[in-house]
Amino acid sequence: MDDARDDELLTIGAFAARARLSAKALRLYDRLGLLAPAHVDGTTGYRYYRAEQTERARLVALLRQLDMPLARVAEVVRADGVEAAGLLDAYWAGIEARVAGQRTLTDYLRARLSGRSSEMYGKFVVETVDVPEQVVISETRHTLADELPTWIGASLTRLEEAARDCGGVTAPPFVVYHAEVSTESDGPAESCVPVADEAAARSWVEGRGRAWQSQVRVEPARRLARTRITKAQVAHPQILAAFEAVEEWVAAQGLTVAGPCREVYFADWEAAGPEDPVCDVAFPVR
């Protein structure tokens, strides 16, 4: 067959050569619905393509060069231009966030393995801050480290929505670790949102908060020793370096830890980039 005209059918071999793909890849793309042949011979089962399908074939191949999963590739190639570009941007933002997290984890592990943990701690700026008494609505849950990010996001969203009926949010939300949370230890952890109206908060918990085992309590005024970290540094286990740095600083200053450690989320998590500060890692001290 002459493959020079766009309206003529190309054999899978001729089309594969034009698209710079293997026939095996084209069969896979067909099976997954990414690139169907223009015609399949009912007798022989041979696949035929049109030359105009070359652009889509090459697009699929290029997206795969980004290690994009085939399901995500399908979303991109089925979308229109603007939407497709947005899907690509979202995918790449996820890649950059993952790489940033892996970079901080590598730094953490390098310092541990080389015995230079003190140098790593020196990268964190630690300071004290006084926090006034706060009324908080909270949820408590036993959770392992791999489940923690999802639960924190969901619980803080629920509590911030509830805060609208409790006079509004008065300070950044935070998570208190009442016991160790790791891949083997399940806490518990407590998500907290400071609110303005204690009576309204207690009424909300009584009426609607029981489904999430919510409670209202008064968080006493505290002095916190804290260090500010980026979104990439929040992931476990690299966040442990920040906690350890604060503990080292507290001991060096002759202070005493006076309560469970916590993470204070002061920034818009969704809008933040991997290198943007989003969280204070803190210990109450006296």
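1. Arginine 202 is partly exposed, with a relative accessible area of 40%. On the cut-offs used here, buried is under 20% relative accessible area, exposed is over 50%, and partly exposed is in between, with a 1.4 Å probe and protein chains only. The partner of arginine 202 is glutamate 198, and their side chains meet in a salt bridge at 2.9 Å, N to O. A salt bridge here is a side-chain nitrogen of Lys or Arg within 4 Å of a carboxyl oxygen of Asp or Glu. Glutamate 198 also counts as partly exposed, at 31%. Helices (H or I, at least four residues) and strands (E, at least two) are DSSP runs, numbered from the N terminus.

2. A word on what you're looking at. This is a predicted model, in which local features need pLDDT of at least 70 and side-chain atom pairs count only at pLDDT 80 or more, while totals for chains, interfaces and linings use all residues. Residues are numbered from 1 along each chain as its sequence is written, and side-chain values use heavy atoms, with hydrogens and water left out.

3. Back to the charges. Side chains of opposite charge can pair when their charged atoms come close. By the salt-bridge rule, the count comes to twelve. One of them joins glutamate 219 to arginine 217, with the closest N and O atoms 2.5 Å apart. Glutamate 219 is buried, at a relative accessible area of 2%. Have a look around this pair too: Glu190, Arg217, Glu219, Arg222 and Arg262 are linked in a network of salt bridges.

4. Another salt bridge is made by the side chains of aspartate 280 and arginine 228, at 2.7 Å, N to O. Aspartate 280 is in strand β11 (residues 277-285) and arginine 228 is in strand β9 (residues 222-230), so this pair ties together parts that are 52 residues apart in sequence. Aspartate 280 is buried, at 4% relative accessible area, whereas arginine 228 is partly exposed, at 45%.

5. Not counting residues up to four places away in sequence, glutamate 133 touches Val218, Glu219, Pro220 and Ala221, where contact means heavy atoms within 4.5 Å.

6. Alanine 57 lies in helix α3 and counts as buried, at 0% relative accessibility. Leaving aside neighbours within four places in sequence, alanine 57 is in contact with Phe15, Ala19, Leu21 and Leu35. Alanine 57 and phenylalanine 15 are 42 residues apart in sequence and 9.4 Å apart in space, C-alpha to C-alpha.

7. Now the largest pocket, which has a volume of about 1,000 Å³. Of the 38 residues lining it, the closest to its centre are Ile152, Tyr177, Val234, Glu263 and Tyr265. On a 1 Å grid over the protein atoms alone, a pocket is an open set of points where a 1.4 Å probe fits, with protein on both sides within 12 Å along at least five of seven lines, and lining residues have an atom within 4 Å of a point. Grid points are joined across faces, edges and corners, and the volume is the space filled by probe spheres set on the points. Helix α7 (148-163) is among the elements that each supply at least two lining residues, along with α5, α9 (239-252) and β10 (262-265). The most comes from α7, with seven residues.

8. A few backbone spots to check. Most residues other than glycine have a negative phi, and most peptide bonds are trans. Arginine 20 has a positive phi near 60 degrees; it is found in the loop between α1 (12-19) and α2 (23-31). Aspartate 67 has a positive phi of about 60 degrees and is in the loop between α3 (54-65) and α4 (70-78). The peptide bond from glycine 187 to proline 188 is cis, with omega near 25 degrees, and proline 188 lies in the loop between β6 (174-177) and β7 (189-195).
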